[in-house]
Amino acid sequence: MDVLIPVRDLVSRGGVEAAFYRLAVPRHAGIRFHWPSRGPDLRARRAGRLPPNAFPFAMDDCAALDELAVEAAGPDATLVRPLFAALLAQQGTCFDAIDVPSTLPVAHLVRPACEAFGVTVGRVTQNWLGHTADAARLAWPDAASEREVERLLLLGALSDAAVELRYAVGVTPPACANGAPQLMLPLATLFDRAELRGRSACPPGLFMPSGDPSWNLEPFLRVLDRLPAALRARARLPLDLPKAFTAVLRTEEGARDLSRLQPGEAAIAMACAALPIFDPAPLEALLRGETVIASRNSWTAAVLDAADPTAAPHGIDLDGSAIATALEPPASAVAPPPLRGVMDEARALHLAYRGEDLPPMPAAATLAGVRRLRPQFEASLPFRRATARPDLTFILAGEGMSPDSIAPTLACLARIDDVAVQAIVVLDETAEEPGAIEEMVAAAGGFARVLRQGRDAGLLRPAREATAPLVALVAPGDRTARGLGRWLVHAMSPVIRRGALPAWAGLRASQPGRPRLPSPSDAMLRIGPGTALRRTTLLELGGGPAGPAGTRRLLRRILDRHGKDAVAAADGGPPLAFAAKPENYREAGDAGRPDERRLPATAAAPAHADPAWS
C-alpha cells in the first residue's frame with residue numbers, strides 16, 4: 001500500500017505532523033509512506049535513521065510551480081506548493097491514498113492536481129490534528145491577524161468540502177461539511193497502551209514545556225506566574241528550543257531568567273495548551289519513560305482518558321496547588337520498565353487508507369471556485385530523452401484529443417523507467433488545439449513525438465514509424481503504472497506471443513475509491529489501455545482502425561491464426577493501466593462469442609522497486 005503525505009521534510013521539519021508520523025510510520029510496516037524533501041529527510045534515509053517503509057523523495061523548484069500555486073491559492077500559495085511539488089515529482093504514480101493533515105487545508109486541490117499531473121489516487125483522507133485557523137489565531141508569539149484567520153477559515157471550508165474520509169486518534173473528529181465518513185482510530189495507531197503502564201518513576205524535580213512551542217510556551221509562562229518562587233526555580237526550557245523563541249523570551253517579563261535544560265538532565269514534560277490541537281509530543285515523552293503533566297483541557301489528556309476509561313483522569317487543572325502536588329515525588333517510586341524490543345505492527349491506518357468503500361461525493365462537492373489546473377511537466381524527472389533502441393512504443397491515439405486529456409497520459413508514460421520507451425502521439429482532424437498539443441509533447445521530452453494523419457488512416461503508419469519491437473495502444477486520458485513496461489516485455493518474451501493484455505481498471509472520475517476492475521461479465525479478451533502487439537504482427541495484419549474496436553478485431557485475427565497461446569493475459573494481479581473512459585473498451589454482445597474464451601494466465605514480471613499498486 002502506497003500513501004502520499006504532501007508535507008515537505010515531514011520528519012525533519014518538526015511540528016505536530018512530524019510527531020504524529022514519527023510514531024505512526026514504524027508501526028505500519030505494510031504501508032509505504034512517501035513525502036517530498038528538500039534534502040534533510042533524504043539524508044536521514046541514506047543514514048538509516050528512517051524506518052524501511054519511509055520513502056522521502058526529491059522535489060524540484062521551478063517558476064511554473066510558483067505560478068501555479070499563486071493561481072490556485074493566491075496569498076496562501078505557500079500552503080499548496082508542497083502538494084503541487086509532490087505530485088509533480090510523482091507523475092504517473094499510483095497511490096492508495098493521499099493523506100492531508102488538517103493543518104494543511106488543501107484537500108480541495110488534491111484531485112484537480114492529480115488530474116493535471118497524471119497521478120492516480122484511491123481516496124483523499126484527512127488526518128485531523130485540529131483547525132488551522134484556531135492554531136494560527138492562538139500561535140505565539142506571532143498570532144495571526146483577524147484577516148488572516150478569516151482567510152484560513154475560508155480555505156479550511158473549501159478543504160473540508162473535498163475530504164473523502166476524516167480520521168483522528170483517540171477522539172472522534174468533528175463532522176465534515178460534506179457529510180464524509182469519520183473514523184476514530186485507537187491509540188494503538190501510535191503505540192501500545194501497555195507501554196505506558198507502570199511508569200511511575202520519581203520525578204527529577206525539574207519541569208519544562210512539552211510539545212509545539214507555538215501553542216505550549218505561552219500558557220507555560222502564564223502557569224509560572226501562578227507558582228511560588230521555589231517551584232518556579234525548577235522550571236527549564238527545552239534543550240532544542242528554536243532560536244526564534246529564545247529571542248522572544250528575552251523580551252518577556254519574568255522569562256529572562258529561565259535557563260535551558262542541560263544535556264543529560266531529566267525533567268517532567270508539561271503539556272499546557274488547552275487547544276483542539278493533537279500534539280503527540282507528550283505521548284512520545286511517555287514512551288521514553290518520562291513523567292508528563294497535561295492540562296485537563298488538552299487533547300493529550302483526552303486521548304489518554306479515551307485509551308483507558310477505567311483509570312483516573314490524566315489531566316489536571318493548571319493552578320498552583322495542582323501543579324505543586326503533581327511535581328511532588330510519589331512515596332514509592334519504581335523505575336519505568338524498558339520498552340519492548342519488537343513493536344507489534346498496527347493496522348489502524350489501513351482502515352483509513354483502504355477500508356470499506358466510501359460513498360460517492362455529492363454533486364455539491366464539485367466546487368465552482370476551484371479552477372482546473374493546467375498540465376505541468378517536471379523539470380528533471382520524468383523528462384525523457386529520445387532512445388535510439390526503445391523496447392516499447394506507445395501509440396497514443398483517439399478522437400477529440402486535447403492538451404488536458406493527453407497531459408496525464410504523457411506524464412505516466414514518461415514515468416515508466418524500467419524499460420526504454422518511445423511515444424507516438426497521433427493527431428487527426430478531431431484534435432482540439434493541435435498547436436498546444438505539439439508544444440506539450442515537445443515539453444514532455446524527446447521520447448515523444450507527434451504524427452499527423454487523417455481520422456480514418458488507422459494504425460499502419462504509426463506502426464511503421466515505431467522503432468521498438470513491441471507496440472502498446474493507449475487513448476487520451478488513460479494512465480499507466482510504472483510496472484506496465486516491464487510486464488509487457490516479460491509477457492511478450494516467448495517468441496510465440498503476438499499480443500498481451502495487462503490487468504487494467506476504470507478510473508473513478510472525481511470520486512473516492514480505487515479504480516474499478518472490469519466485471520466478470522465483460523468480454524474475456526478484456527481489451528483495455530496498454531494492450532500490446534508485436535510490431536511485425538501489426539504490420540503483417542495491415543494495421544487496422546485506431547481505437548478499442550480495431551484492437552479487438554486485430555486480437556481476434558491473431559487468435560484465429562495462431563491460437564490462444566499467442567495472446568498473454570494478466571493473471572489477475574494489480575492493475576497496470578487505467579482507462580479514463582472504461583465504457584469505450586467494452587463491446588455489447590462480446591461475452592457469448594465463441595472466441596471469447598479464457599486466455600492462459602501470465603505471471604507478473606519481476607517485482608519493481610517501487611510497486612505501482614499492491
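Reader: What makes β16, β21 and β18 an open sheet, and in which order do the strands stand?

Author: In this predicted model, the three strands are ordered β16-β21-β18, with mixed pairing. The edges are taken by β16 (479-480) and β18 (504-506); each has a single partner strand, so one side of each lacks a neighbour in the sheet.

Reader: How do you know that β16 pairs with β21?

Author: Pairing requires at least two bridges between the strands, and two bridges join β16 to β21 (residues 577-579). The two strands run antiparallel. Within this pair, Thr480 is found opposite Ala577 of β21.

Reader: Happy with that. Why are helices α15 and α16 called roughly parallel?

Author: Look at the angle: α15 (residues 403-415) and α16 (residues 434-443) pack at about 15°. Angles under 35 degrees count as roughly parallel, and therefore the two helices get that description. Their axes lie 10 Å apart, and the crossing of α15 past α16 is right-handed.

Reader: Which residues make the contact between α15 and α16?

Author: From α15 come Pro403, Ile406, Ala407 and Leu410, while α16 brings Ala436, Ile437, Met440 and Val441.

Reader: And how many nonpolar, polar and charged residues does that contact have?

Author: The contact of α15 with α16 has eight nonpolar residues, no polar ones and no charged ones. Ala, Val, Leu, Ile, Met and Pro are among the types that count as nonpolar.

Reader: What makes strand β12 largely enclosed by the rest of the structure?

Author: A residue is buried when its relative accessible area is under 20%. Five of the five residues of β12 (residues 392-396) are buried, so the strand is largely enclosed. Both faces are covered, with Leu392, Phe394 and Leu396 buried on one side and Thr393 and Ile395 buried on the other.

Reader: How do you know that β12 is joined to β13, and do they run parallel or antiparallel?

Author: The threshold for a pair is at least two bridges; β12 and β13 (residues 421-427) are joined by five, and they run parallel.

Note on methods. Residues numbered from 1 in each chain as written. Predicted model: local features only at pLDDT ≥ 70, side-chain atom pairs only at ≥ 80, totals over all residues. Heavy atoms only, no water. Helix = DSSP H or I, 4+ residues; strand = E, 2+ residues; numbered from the N terminus. Axes fitted to C-alpha atoms, helices over the stretch in contact; angles between N-to-C directions. Parallel < 35°, antiparallel > 145°, perpendicular 65-115°, else oblique. Left-handed = near helix turned anticlockwise from the far one by under 90°. Contact = heavy atoms within 4.5 Å. Buried < 20%, exposed > 50% of the residue type's maximum accessible area, 1.4 Å probe, protein only.
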